[in-house]
Amino acid sequence: MKIFKIVKDSNPNLRNKCKNVEFPLSEEIKTTLFDMLEYLKLSQDPAFLEKHPNITSGVGLAAPQIGLNLNMVAIYFLDEKNNPNQYLLVNPKIVSESVKRCYLESGEGCLSVPKPHEGYVYRAFKVTVKAFDLLKNDFVTYEFKGFGAIVVQHELDHLKGVLYYDHINKTNPFEKKTGAVVL
């Protein structure tokens, strides 16, 4: 298991657009993606965190956050029924999104952003994503809703050089938008 040094938002490289990953996937790319997933799982393990106090818990990790300018992300979180949701997405693309918006009441955070940026980040409540998922070893189309939709949009923003706080209303960070779902 590789412990990554996470690229912080002070690094201008985090603002670059990423390049598509070439197929067939190299062994190095596959290993990196599986390491990214393992990193996320460990970052959510209290025993691991106790031994590694400098690690921050995360539910998603995009390649630029580990210094790779490539279109790939790892996602791992437990849903409301405690079922694991895990994805290793290569060249992901949002192909449709709902008009309905949602946001996390607690605000978003990011492994690359050490200092908090308070305010609501409005995102599509539902998104459809096409990608290659290394866990399925196939091209897939996924529909994400609610929290999962927020996570995938946050990670795919990284691939475009966008950080979550770019979406916060600068003049009214806690603006309540009518009809938005609070999570």
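Is E143 buried, exposed or partly exposed? With a relative accessible area of 48%, E143 is partly exposed, a class lying between buried (under 20% relative accessible area) and exposed (over 50%), for a 1.4 Å probe and protein chains only.

1. Basis of the note. This is a predicted model, in which local features need pLDDT of at least 70 and side-chain atom pairs count only at pLDDT 80 or more, while totals for chains, interfaces and linings use all residues. Residues are numbered from 1 along each chain as its sequence is written, and side-chain values use heavy atoms, with hydrogens and water left out.

2. Salt bridges. The whole structure holds 7 salt bridges, each defined as a side-chain nitrogen of Lys or Arg within 4 Å of a carboxyl oxygen of Asp or Glu. Among them, E143 meets K145 at 3.8 Å, N to O, and R101 meets E97 at 2.8 Å, N to O. R101 is partly exposed at 28% relative accessibility, as is E97 at 43%.

3. D157 and K160 form a salt bridge at 3.5 Å, N to O. D157 is buried, with a relative accessible area of 7%, whereas K160 is partly exposed at 46%. Shared partners join E108, R123, D157 and K160 into one network of salt bridges.

4. The sheet. Three strands form an open sheet with mixed pairing, in the order β5-β4-β8; strands are DSSP runs (E, at least two residues) numbered from the N terminus, and two of them pair if DSSP finds at least two bridges between them. The edge strands, β5 (123–124) and β8 (181–182), each pair on one side only. Strand β4 (residues 101–103) pairs with β5 in the antiparallel sense over 2 bridges, and C102 stands opposite R123 of β5.

5. Aromatic pairs. A search finds 13 aromatic pairs, counted when ring centres of Phe, Tyr or Trp (its six-membered ring) lie within 6.5 Å; planes under 30 degrees apart are stacked, over 60 edge-to-face and the rest tilted. The rings of Y87 and Y142 are 5.0 Å apart between centres with planes at 70 degrees, so this pair is edge-to-face. Y87 lies in strand β3 (residues 84–97) and Y142 in strand β7 (residues 138–145), 55 residues apart. Both Y87 and Y142 are buried.

6. An aromatic cluster. Y103, Y120, Y122 and F174 form one aromatic cluster. Y103 and Y122 are both buried.

Terms used. Helix = DSSP H or I, 4+ residues; strand = E, 2+ residues; numbered from the N terminus.
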